[in-house]
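Please consult the sequence and structure shown here while reading.

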Amino acid sequence: METYIQTNETHLISDLCVETVDTDQNVKNVNDKNKKYFACDICGKKFLQKGLVKKHFHSHKKVKPYSCDVCGKGFSQQGHLATHYRVHTGEKPYSCDFCHKDFFRKCHLNVHYRTHTKEKPYSCDVCGKGFSQQVNLTGHYRVHTSEKPYSCDVCNKEYSHRSSLNVHFRTHTNEKPYTCDVCGKNYSHKFALKVHYQTHSNEKPFSCDVCGKKYSHKGALKVHYQTHSNEKPFSCDVCSKKYSQKRALKVHYQTHTNEKPFSCDVCHKDFFRKNDFSEHYRIHTKEKPYSCDVCHKDFSRKSNLNVHYRIHTKEKPFSCDVCHKDFSRKSHLNVHYYRTHTKEKPYSCVV
């Protein structure tokens with residue numbers, strides 16, 4: 001089970017959650033030039049005490065003699081069972097002295113400390129990027145290897161991270177575990193909830209350095225930049241029409257397949273896009289979630305609120321290129337242009 005060794009090495013390796021053994025007796029032994037220790041003859045890990053290597057040996061035999069009397073989970077060491085109990089009791093005895101966040105395990109606290117010290121001891125040997133945790137480095141390597149070991153058992157889509165698979169799986173279960181405590185709206189992804197919160201705070205921390213327009217999240221700003229560069233990297237393989245956004249291409253593609261996956265269960269009208277369906281549904285529910293903060297008029301669509309807001313700001317962004325008259329709505333500009341400058345009269349009396 002173990003090998004008894006005498007050596008001049010001055011380090012100690014423990015398998016207990018990356019926690020070092022630091023009693024006075026152990027420190028004395030570590031500093032001893034003729035230190036004696038016990039090594040596991042399966043994996044070579046070294047221990048100062050015979051009892052420690054015995055406990056460690058259980059991890060190879062998969063023996064789990066200690067069982068949780070709450071959930072029945074088994075453990076190879078009594079110390080691991082004691083740590084596990086904290087899941088049920090909610091006890092978090094390790095506290096960060098910087099931000100006072102509490103943790104179940106000391107090793108979790110040690111990893112958390114790196115958010116304050118900015119320490120990143122694990123480095124990618126391909127691109128040099130640093131990481132605070134080994135598990136993050138392991139996941140990052142898949143960027144270079146293109147490995148996707150996690151597969152959805154419903155649609156077989158593959159992912160490089162288990163967390164990405166878990167989020168994707170909610171598209172099948174329709175699970176939305178993240179709830180806004182202001183309006184009660186539910187989301188499947190924590191980041192989506194974070195972005196949504198900014199609609200309540202009206203916070204827009206990301207600003208376009210070309211036109212100054214502000215956005216609540218970085219992704220929206222990135223998409224907006226393409227209006228300045230006129231970049232359209234996504235192309236339809238049927239008609240070659242180009243789009244600045246991947247999702248816009250996906251919606252467009254449905255015009256070729258005539259697929260309308262979103263159906264109203266009240267009037268059975270079908271829609272290409274989920275947003276169009278959601279806006280339509282408010283006809284039945286009479287819901288008007290968008291409110292003007294000047295006059296408090298309510299609207300079922302955000303775009304209608306934006307147009308309405310120009311009444312208060314006197315903004316007229318649409319200009320006639322013939323007579324330079326300005327309009328608050330594009331539809332008003334179109335009516336003006338065709339009837340004033342083209343003399344078009346599309347409506348005739350049927351009598």
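## Salt bridges

Arg273 is partly exposed, at 38% relative accessibility; this term covers values between buried (under 20% relative accessible area) and exposed (over 50%), with a 1.4 Å probe and protein chains only. Asp276 is also partly exposed, at 27%. The side chains of Arg273 and Asp276 meet in a salt bridge, 3.1 Å from N to O. A salt bridge is a side-chain nitrogen of Lys or Arg within 4 Å of a carboxyl oxygen of Asp or Glu. Four salt bridges are found in the whole structure.

Another of them joins Arg301 and Glu279, at 3.2 Å from N to O. Arg301 lies in the loop between strand 21 (298–299) and helix 11 (302–313), and Glu279 in helix 10 (residues 274–285), so the pair ties together parts that are 22 residues apart in sequence. Helices (H or I, at least four residues) and strands (E, at least two) are DSSP runs, numbered from the N terminus. A further salt bridge links Glu147 with Arg142, whose closest N and O atoms are 4.0 Å apart. Glu147 is partly exposed at 40%, whereas Arg142 is buried at 16%.

## Basis of the model

The model is predicted: local features need pLDDT of at least 70, side-chain atom pairs count only at pLDDT 80 or more, and totals for chains, interfaces and linings use all residues. Residues are numbered from 1 along each chain as its sequence is written, and side-chain values use heavy atoms, with hydrogens and water left out.

## The chain as a whole

The secondary structure comprises 12 helices and 23 strands. Of the 351 residues, 21% count as buried.

## A buried arginine

Arg86 belongs to helix 3 (residues 78–89). Arg86 is buried but has no salt bridge; Glu91, the nearest side chain of opposite charge, is 4.1 Å away. For this comparison, Lys and Arg count as positive and Asp and Glu as negative, while His and the chain ends are not counted.

## Cysteines

The whole structure contains zero disulfides, a disulfide being a pair of cysteine sulfur atoms within 2.5 Å. The sulfur of Cys71 has its closest cysteine sulfur in Cys68, 3.8 Å away and too far for a bond. For the sulfur of Cys99, the closest cysteine sulfur is that of Cys96, at 3.7 Å, again too far for a bond. Cys71 is partly exposed at 45%, and Cys99 is partly exposed at 38%.
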